[in-house]
Amino acid sequence: MENDLKVDLALQSDIEKAIDLPSYEQWQEWITAWLTYLNPDYSPIQSYELSLLLTSDAAIQALNLQYRQFDKPTNVLAFALLDDENLPPEVLAVLPMELGDIVISVETAQRQAHEHNHSLGCELAWLASHGLLHLLGWDHPDDMELQQMLEQQTALLRMVGFELSDQFYYAAEVY
């Protein structure tokens with residue numbers, strides 16, 4: 001069954017004007033493909049929602065301080081909402097499952113893309129895939145699980161047309 005995915009894409013206006021970002025339609029295509037491939041089974045009707053915010057270093061630093069007690073900018077934050085334990089089955093059968101929010105600093109993504117010699121679109125997709133995996137319960141508390149997560153991100157980016165070397169994920173920043 002194909003996922004019926006809704007993506008709420010919020011772009012901060014100063015970021016939107018500053019650079020050429022992937023379109024809403026591009027994000028919709030990527031995230032739909034990723035969810036179709038990952039095939040989460042949280043929603044009996046395979047319908048999911050998430051929010052993606054592309055923002056500045058200052059804005060993500062404020063969130064990083066508020067929610068993680070780190071007073072510095074980061075590249076991506078994911079706020080999972082996946083908690084269907086208290087929802088009655090009749091609600092789950094008709095409403096999309098809210099996965100949560102992904103927040104990406106475009107300024108940090110620009111620096112990382114430049115440092116690793118790939119496009120901003122590739123870096124943003126990399127960070128979004130990382131955030132999506134967190135929303136679906138993936139984590140990287142140790143090197144082995146980090147390796148698995150990075151390999152999954154590489155597969156997700158290749159699936160939507162990014163040509164990545166096998167060593168791409170070793171250069172990726174993870175916070």
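Asn39 lies in the loop between H2 and E2, where helices (H or I, at least four residues) and strands (E, at least two) are DSSP runs numbered from the N terminus. The model is a predicted one, in which local features need pLDDT of at least 70 and side-chain atom pairs count only at pLDDT 80 or more, while totals for chains, interfaces and linings use all residues. Residues are numbered from 1 along each chain as its sequence is written, and side-chain values use heavy atoms, with hydrogens and water left out.

Although Asn39 is not a glycine, its phi is positive, at about 50°. Most residues other than glycine have a negative phi. With a relative accessible area of 47%, Asn39 is partly exposed, a class that falls between buried (under 20% relative accessible area) and exposed (over 50%), as computed with a 1.4 Å probe on protein chains only.

## Overall architecture

The protein chain holds eight helices and four strands, and along the sequence these elements follow the pattern β-α-α-β-α-β-α-β-α-α-α-α. Of the 175 residues in the protein chain, 45% are buried. Among the contacts (heavy atoms within 4.5 Å) with a separation of 6 or more, 69% are between residues 24 or more positions apart.

## H2 against H7

Helix H2 (residues 24-38) packs with helix H7 (residues 143-159) at an angle of about 125°, their axes being 10 Å apart. The axes are lines fitted to C-alpha atoms, for helices over the stretch in contact, and the angles run from 0 to 180 degrees between N-to-C directions. H2 and H7 are therefore oblique to each other, given that angles under 35 degrees count as roughly parallel, over 145 as roughly antiparallel, 65 to 115 as roughly perpendicular and the rest as oblique. H2 passes H7 in a right-handed crossing; a crossing is called right-handed if the near helix is turned clockwise from the far one by less than a right angle, and left-handed if anticlockwise.

On the H2 side the contact is made by Ala33, Trp34, Tyr37 and Leu38, and on the H7 side by Gln152, Ala155, Leu156, Leu157 and Met159. By class, the contact of H2 with H7 has eight nonpolar residues, one polar residue and no charged ones, where Ala, Val, Leu, Ile, Met, Phe, Trp, Tyr, Cys and Pro count as nonpolar, Asp, Glu, Lys and Arg as charged, and the others, Gly among them, as polar.

Leu38, found in helix H2, is in contact with Leu132, Leu133, Leu136, Gln152 and Leu156 when its neighbours within four places in sequence are left aside. Leu38 and Leu133 are 95 residues apart in sequence, and their C-alpha atoms are 9.1 Å apart in space.

## H6 against H7

Helix H6 (residues 120-135) also packs with H7 at an angle of about 125°, with the axes 9 Å apart. H6 and H7 are therefore oblique to each other, and their crossing is right-handed. From H6 the contact draws on Cys122, Ala125, Trp126, Ser129, His130, Leu133 and His134, and from H7 on Met149, Leu150, Gln152, Gln153, Thr154, Leu156 and Leu157. The residues of this contact divide into eight nonpolar, six polar and no charged.

In helix H3 (residues 57-68), the buried residues are Asp57, Ile60 and Asn64. Seen down the axis of H3, these buried residues fall within an arc of 70°, so they line one face of the helix, the arc being that of the directions from the helix axis to the C-beta atoms. The buried residues of H3 pack against strand E2 (47-55), strand E3 (76-80), strand E4 (97-105) and helix H5 (106-115), whereas the face turned away from the buried side carries the exposed residues Ala58 and Gln66. Gln69, which follows H3, is found in the loop between H3 and E3; Gln69 has a positive phi of about 60° although it is not a glycine, and its relative accessible area of 58% makes it exposed.

In H5, the residues Val106, Thr108, Ala109, Gln112 and Ala113 are buried. They cover an arc of only 155° around the axis, which puts them on the same side of H5. The exposed residues His114 and Glu115 are carried on the face of H5 turned away from its buried side, and H5 is followed by Asn117, whose phi is positive, near 60°.
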